[in-house]
Amino acid sequence: GDPHGMTRVALLDTGVGNVFSVRRALERLGAEVVTTRDPGLVASSTRVVLPGVGAFAPARERLAASGLEEGLRAALGGGARLLGLCLGFQLLFEESEEFGTMKGLGLLGGRVVPFPSGARVPHVGWNRLETEGSADGPLLAGLPRGPYVYFVHSFRPEGADPADVAAFCDHG
């Protein structure tokens, strides 16, 4: 943050997300948001948001080709906090099975896979988060136990280290 108490957030503009709506949400929460495609600015940031909408492969390729992946890894190496939203969250895992297998950023163990057959896809709507005692962490601070959150997705992570899981929900 800065001396005035406002948190500065680097919002990565990879060209595959609605950065405008994410920017507005962060600003409403009181953050100073810098939307950027500059790997150097990302590398020097202490708070980074990686949004994304669409398919895994093009987003992954864009991150690598743009230098943003290198900047992101440098920021994390310096202790930055990272929030992945939607496709940005999926990119954090080791790999994805969306339209063939592709390596992710490998920041979290596990892989992104389709829902099992029989589950309604895409998963759209409200679902209750289960926390198993981890609701005391900073990600869910201020939320009631078992809050309902809105989902729109067709893939899910599996094989994540339980120590990396803040919350989960049941769908299918």
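Biologist: Which residues does H153 touch, not counting residues up to four places away in sequence?
Modeller: H153 touches F115, P122 and H123, where contact means heavy atoms within 4.5 Å. This is a predicted model, in which local features need pLDDT of at least 70 and side-chain atom pairs count only at pLDDT 80 or more, while totals for chains, interfaces and linings use all residues. Residues are numbered from 1 along each chain as its sequence is written, and side-chain values use heavy atoms, with hydrogens and water left out.

Biologist: Where is the place of H153?
Modeller: H153 belongs to strand β9, residues 148-153. Strands are DSSP runs of E with at least two residues, and helices are runs of H or I with at least four, numbered from the N terminus.

Biologist: What lies 2.8 Å from a polar atom of the H153 side chain?
Modeller: That is the backbone oxygen of F155.

Biologist: Turning to the open sheet, what is the order of its four strands?
Modeller: The order is β2-β1-β3-β4, with parallel pairing; two strands pair if DSSP finds at least two bridges between them. The edge strands, β2 (32-36) and β4 (81-84), each pair on one side only. From one strand to the next, the twist averages 25°.

Biologist: Which residue is the bridge partner of L11 in β3?
Modeller: V49 is the partner of L11. Strands β1 (residues 8-12) and β3 (residues 47-50) pair in the parallel sense over two bridges.

Biologist: Which strands does helix α1 lie across?
Modeller: Helix α1 (residues 19-28) lies across β1, β2 and β3, at about 160° to β2. Axes are lines fitted to C-alpha atoms, for helices over the stretch in contact, and angles run from 0 to 180 degrees between N-to-C directions.

How values were computed: A polar contact is a pair of N or O atoms within 3.5 Å; within protein, one must be able to donate a hydrogen and the other to accept it, and residues adjacent in sequence count only if both atoms are side-chain atoms.
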